[in-house]
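Hello,

Here is the structure I said I would pass on.

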Amino acid sequence: MTKRKGIIDRIEGKWVVVEFDDGMRDILISRFPMTVESGDVIWIDEYGHIEKDDRERQRLSDEIDELMEELWED
């Protein structure tokens with residue numbers, strides 16, 4: 001089964017704007033079986049099933065925090 005990773009960019013009304021490797025896509029918020037917010041990481045399979053990946057979101061958040069600390073150290 002093929003899955004694609006996306007990051008929630010923003011929510012605009014009934015649309016969730018998701019950034020994938022090949023660009024942005026608008027997905028109806030009703031297709032999400034869970035509550036989502038900007039910055040959440042999702043996986044969507046070839047059948048359109050969506051899963052939220054809290055562990056990957058935390059990893060990306062930690063990575064950004066480390067980059068910000070490096071930026072301010074100089």
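**Strand pairing around E4**

Trp 43 has Glu 51 in E5 as its bridge partner. Please keep in mind throughout that this is a predicted model.

That pair belongs to a longer contact. E4 and strand E5 (residues 50-52) run antiparallel and are joined by three bridges. The two strands form a hairpin, with four residues between them. Gly 48 sits in the turn and has a positive phi of about 90°.

Strand E1 (residues 3-12) pairs with E4 in the antiparallel sense, over five bridges. Opposite Val 41 in E4 stands Ile 7.

How many of the five residues of E4 are buried? Four are, so E4 is largely enclosed by the rest of the structure.

Asp 54 belongs to helix H1 (residues 54-73). Asp 54 counts as exposed because its relative accessibility is 51%, and the cut-off for exposed is over 50%.

**Nonpolar core**

Which residues make up the largest nonpolar core? There are 10: Ile 8, Val 16, Val 18, Phe 20, Ile 27, Phe 32, Val 36, Ile 42, Ile 44 and Ile 50. Two elements give two or more residues to this core: strand E2 (15-20) and strand E4 (41-45). E2 gives the most, with three residues.

Leaving out residues up to four places away in sequence, Ile 27 touches Lys 14, Trp 15, Val 16, Val 18, Phe 20, Phe 32 and Ile 44.

Phe 20 has a charged neighbour too. Arg 4 lies over the face of the Phe 20 ring, 4.3 Å from the ring centre. As for aromatic pairs, the count is zero.

**Salt bridges**

Side chains of opposite charge can pair when their charged atoms come close. In this model the count comes to 11 salt bridges.

One of them joins Glu 56 and Lys 5, at 3.0 Å from N to O. This pair links distant parts of the chain: Glu 56 is in helix H1, Lys 5 is in strand E1, and they are 51 residues apart. Is Glu 56 buried or exposed? Glu 56 is buried, at a relative accessible area of 13%. Lys 5 is partly exposed, at 32%.

Another joins Arg 10 and Asp 9, with an N to O distance of 2.3 Å. Both ends are partly exposed: Arg 10 has a relative accessibility of 34%, and Asp 9 has a relative accessible area of 33%.

Arg 25 and Asp 22 also meet in a salt bridge, at 3.3 Å from N to O. Arg 25 counts as partly exposed at 34% relative accessibility, whereas Asp 22 counts as exposed at 52%.

Some salt bridges share partners. Through them, Lys 5, Glu 56, Arg 59 and Glu 63 are joined into one network.

Best wishes

Definitions and conventions: Residues are numbered from 1 along each chain as its sequence is written. This is a predicted model: local features need pLDDT of at least 70, side-chain atom pairs count only at pLDDT 80 or more; totals for chains, interfaces and linings use all residues. Side-chain values use heavy atoms; hydrogens and water are left out. Rings of Phe, Tyr and Trp (its six-membered ring) pair if their centres lie within 6.5 Å; planes under 30 degrees apart count as stacked, over 60 as edge-to-face and the rest as tilted. A charge sits over a ring if NZ of Lys or CZ of Arg is within 6 Å of the ring centre and within 35 degrees of the ring normal. A nonpolar core is a set of buried Ala, Val, Leu, Ile, Met, Phe, Trp, Tyr and Cys residues joined through side-chain atoms within 4.5 Å. Buried means under 20% relative accessible area, exposed over 50%, partly exposed in between (1.4 Å probe, protein chains only). Contact means heavy atoms within 4.5 Å. Two strands pair if DSSP finds at least two bridges between them. A salt bridge is a side-chain nitrogen of Lys or Arg within 4 Å of a carboxyl oxygen of Asp or Glu.
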